[in-house]
Amino acid sequence: MIDAADASLQIAQLSEKILPRSKGKQLILVFNKADLLTDRQKEFYDLYYNEDLSLAEIAENYGITRQGVRDVIVRAEAAMQEIEDKTGLIRRFEQFRGHLDAICSAAEDIRTLNYRQYEDSRLTELADKITAEVSALKE
(Lines give C-alpha, C1' and ligand atoms only; values in the text may rest on other atoms or scores of the structure.)
Protein backbone atom coordinates (compact mmCIF):
# COMPACT_ATOMS: atom_id res chain seq x y z
CA MET A 1 0.00 0.00 0.00
CA ILE A 2 1.14 3.58 -0.53
CA ASP A 3 1.71 5.99 2.33
CA ALA A 4 -0.30 9.18 2.88
CA ALA A 5 2.33 11.47 1.32
CA ASP A 6 2.47 9.38 -1.85
CA ALA A 7 -1.32 9.22 -1.99
CA SER A 8 -1.60 12.99 -1.66
CA LEU A 9 0.96 13.48 -4.42
CA GLN A 10 -0.85 11.05 -6.72
CA ILE A 11 -4.20 12.65 -5.99
CA ALA A 12 -2.78 16.08 -6.74
CA GLN A 13 -1.27 14.84 -10.00
CA LEU A 14 -4.48 13.12 -11.06
CA SER A 15 -6.61 16.11 -10.15
CA GLU A 16 -4.70 18.11 -12.75
CA LYS A 17 -5.60 15.65 -15.48
CA ILE A 18 -8.98 14.02 -14.91
CA LEU A 19 -9.44 11.19 -17.38
CA PRO A 20 -11.61 11.80 -20.43
CA ARG A 21 -15.17 10.61 -19.87
CA SER A 22 -14.90 7.82 -22.47
CA LYS A 23 -11.86 6.34 -20.74
CA GLY A 24 -13.61 6.77 -17.39
CA LYS A 25 -16.52 4.65 -18.56
CA GLN A 26 -14.17 1.83 -19.53
CA LEU A 27 -12.27 2.02 -16.25
CA ILE A 28 -15.31 1.89 -14.03
CA LEU A 29 -16.69 -1.12 -15.89
CA VAL A 30 -13.52 -3.08 -15.24
CA PHE A 31 -13.06 -1.96 -11.65
CA ASN A 32 -16.74 -2.45 -10.76
CA LYS A 33 -16.43 -6.06 -11.84
CA ALA A 34 -13.27 -6.48 -9.79
CA ASP A 35 -14.87 -4.81 -6.70
CA LEU A 36 -11.78 -2.68 -6.03
CA LEU A 37 -13.42 0.62 -5.08
CA THR A 38 -15.62 1.67 -2.17
CA ASP A 39 -19.35 1.91 -2.81
CA ARG A 40 -19.20 5.71 -2.58
CA GLN A 41 -16.31 5.89 -5.08
CA LYS A 42 -18.17 3.63 -7.49
CA GLU A 43 -21.37 5.61 -7.16
CA PHE A 44 -19.84 9.07 -7.61
CA TYR A 45 -17.59 7.87 -10.41
CA ASP A 46 -20.55 6.27 -12.17
CA LEU A 47 -22.72 9.36 -11.78
CA TYR A 48 -19.98 11.60 -13.13
CA TYR A 49 -18.78 9.45 -16.03
CA ASN A 50 -21.77 7.33 -17.04
CA GLU A 51 -24.70 9.53 -16.06
CA ASP A 52 -22.89 12.74 -17.07
CA LEU A 53 -23.87 14.55 -13.89
CA SER A 54 -21.73 17.54 -13.00
CA LEU A 55 -19.78 17.71 -9.76
CA ALA A 56 -22.24 20.37 -8.55
CA GLU A 57 -25.26 18.15 -9.31
CA ILE A 58 -23.77 15.20 -7.46
CA ALA A 59 -22.83 17.45 -4.54
CA GLU A 60 -26.35 18.84 -4.33
CA ASN A 61 -27.90 15.35 -4.42
CA TYR A 62 -25.68 14.09 -1.61
CA GLY A 63 -25.56 17.23 0.51
CA ILE A 64 -21.80 17.68 0.29
CA THR A 65 -19.54 20.21 -1.38
CA ARG A 66 -18.50 20.09 -5.00
CA GLN A 67 -14.90 19.71 -3.78
CA GLY A 68 -15.94 16.72 -1.66
CA VAL A 69 -17.36 14.99 -4.71
CA ARG A 70 -14.26 15.80 -6.73
CA ASP A 71 -12.03 14.42 -3.97
CA VAL A 72 -13.92 11.11 -3.96
CA ILE A 73 -13.65 10.82 -7.75
CA VAL A 74 -9.96 11.74 -7.75
CA ARG A 75 -9.28 9.19 -4.99
CA ALA A 76 -11.09 6.56 -7.05
CA GLU A 77 -8.97 7.44 -10.07
CA ALA A 78 -5.81 7.28 -7.94
CA ALA A 79 -6.80 3.85 -6.61
CA MET A 80 -7.55 2.59 -10.11
CA GLN A 81 -4.31 4.02 -11.46
CA GLU A 82 -2.33 2.37 -8.67
CA ILE A 83 -3.96 -0.97 -9.37
CA GLU A 84 -3.45 -0.53 -13.11
CA ASP A 85 0.23 0.29 -12.58
CA LYS A 86 0.67 -2.88 -10.51
CA THR A 87 -1.49 -5.28 -12.49
CA GLY A 88 -1.95 -3.96 -16.03
CA LEU A 89 -5.63 -4.89 -15.71
CA ILE A 90 -6.95 -2.28 -18.17
CA ARG A 91 -4.18 -2.95 -20.68
CA ARG A 92 -4.97 -6.68 -20.60
CA PHE A 93 -8.71 -5.97 -20.78
CA GLU A 94 -8.18 -3.85 -23.91
CA GLN A 95 -6.01 -6.56 -25.51
CA PHE A 96 -8.60 -9.19 -24.62
CA ARG A 97 -11.37 -7.11 -26.15
CA GLY A 98 -9.36 -6.70 -29.35
CA HIS A 99 -8.96 -10.47 -29.62
CA LEU A 100 -12.69 -10.95 -29.06
CA ASP A 101 -13.44 -8.48 -31.84
CA ALA A 102 -11.10 -10.42 -34.16
CA ILE A 103 -12.85 -13.68 -33.29
CA CYS A 104 -16.25 -12.11 -34.03
CA SER A 105 -14.96 -10.82 -37.34
CA ALA A 106 -13.63 -14.28 -38.27
CA ALA A 107 -16.98 -15.86 -37.36
CA GLU A 108 -18.75 -13.34 -39.58
CA ASP A 109 -16.31 -14.15 -42.43
CA ILE A 110 -17.08 -17.86 -42.00
CA ARG A 111 -20.80 -17.12 -42.06
CA THR A 112 -20.43 -15.02 -45.25
CA LEU A 113 -18.20 -17.58 -47.00
CA ASN A 114 -20.59 -20.35 -46.05
CA TYR A 115 -23.55 -18.38 -47.41
CA ARG A 116 -21.77 -17.70 -50.72
CA GLN A 117 -20.16 -21.09 -51.36
CA TYR A 118 -21.18 -23.96 -49.11
CA GLU A 119 -24.61 -23.38 -47.59
CA ASP A 120 -23.72 -25.82 -44.80
CA SER A 121 -26.10 -25.39 -41.85
CA ARG A 122 -23.52 -26.80 -39.43
CA LEU A 123 -21.05 -24.02 -40.35
CA THR A 124 -23.75 -21.43 -39.74
CA GLU A 125 -24.54 -22.99 -36.34
CA LEU A 126 -20.86 -22.97 -35.36
CA ALA A 127 -20.39 -19.35 -36.47
CA ASP A 128 -23.48 -18.36 -34.48
CA LYS A 129 -22.17 -20.22 -31.42
CA ILE A 130 -18.80 -18.47 -31.68
CA THR A 131 -20.51 -15.09 -31.92
CA ALA A 132 -22.76 -15.88 -28.93
CA GLU A 133 -19.83 -17.02 -26.78
CA VAL A 134 -17.84 -13.90 -27.61
CA SER A 135 -20.84 -11.73 -26.74
CA ALA A 136 -21.11 -13.50 -23.37
CA LEU A 137 -17.40 -12.88 -22.68
CA LYS A 138 -17.78 -9.18 -23.49
CA GLU A 139 -20.48 -8.73 -20.82
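The points that follow take the basis of the values, then the aromatic rings, then the salt bridges.

1. The model is predicted, and local features need pLDDT of at least 70, while side-chain atom pairs count only at pLDDT 80 or more and totals for chains, interfaces and linings use all residues. Residues are numbered from 1 along each chain as its sequence is written, and side-chain values use heavy atoms, with hydrogens and water left out.

2. A search of the whole structure gives three aromatic pairs, a pair being two rings of Phe, Tyr or Trp (its six-membered ring) with centres within 6.5 Å, called stacked if the planes are under 30 degrees apart, edge-to-face if over 60 and tilted for the rest. Y45 and Y49 have ring centres 4.3 Å apart and planes at 45°, so this pair is tilted. Y48 and Y49 form an edge-to-face pair, with 5.0 Å from centre to centre and 85° between the planes.

3. Y45, Y48 and Y49 form one aromatic cluster. Y45 and Y49 are separated by about one helical turn because they are four residues apart in helix 3 (residues 39-49), where a helix is a DSSP run of H or I with at least four residues, numbered from the N terminus.

4. How buried is Y49? Its relative accessibility is 0%, so Y49 counts as buried, the term meaning under 20% relative accessible area, with exposed over 50% and partly exposed in between (1.4 Å probe, protein chains only). Y48 counts as buried at 16% relative accessibility, and Y45 is buried too.

5. The structure holds seven salt bridges, each defined as a side-chain nitrogen of Lys or Arg within 4 Å of a carboxyl oxygen of Asp or Glu. One of them joins the side chains of E94 and R97 at 3.4 Å, N to O, and these two residues lie three residues apart, about one turn, in helix 6 (residues 89-118). E94 is partly exposed at 28% relative accessibility, and R97 is partly exposed at 30%.

6. In helix 7 (residues 121-138), R122 and E125 lie three residues apart, about one turn of the helix, and form a salt bridge whose closest N and O atoms are 3.5 Å apart. R122 has a relative accessible area of 48% and is therefore partly exposed; E125, with 45%, is also partly exposed.

7. Helix 7 also holds E133 and K129, four residues apart, about one turn of the helix, and their side chains meet in a salt bridge of 3.7 Å, N to O. E133 is partly exposed, with a relative accessible area of 44%.

8. Finally, E108, R111 and D128 are linked in a network of salt bridges.
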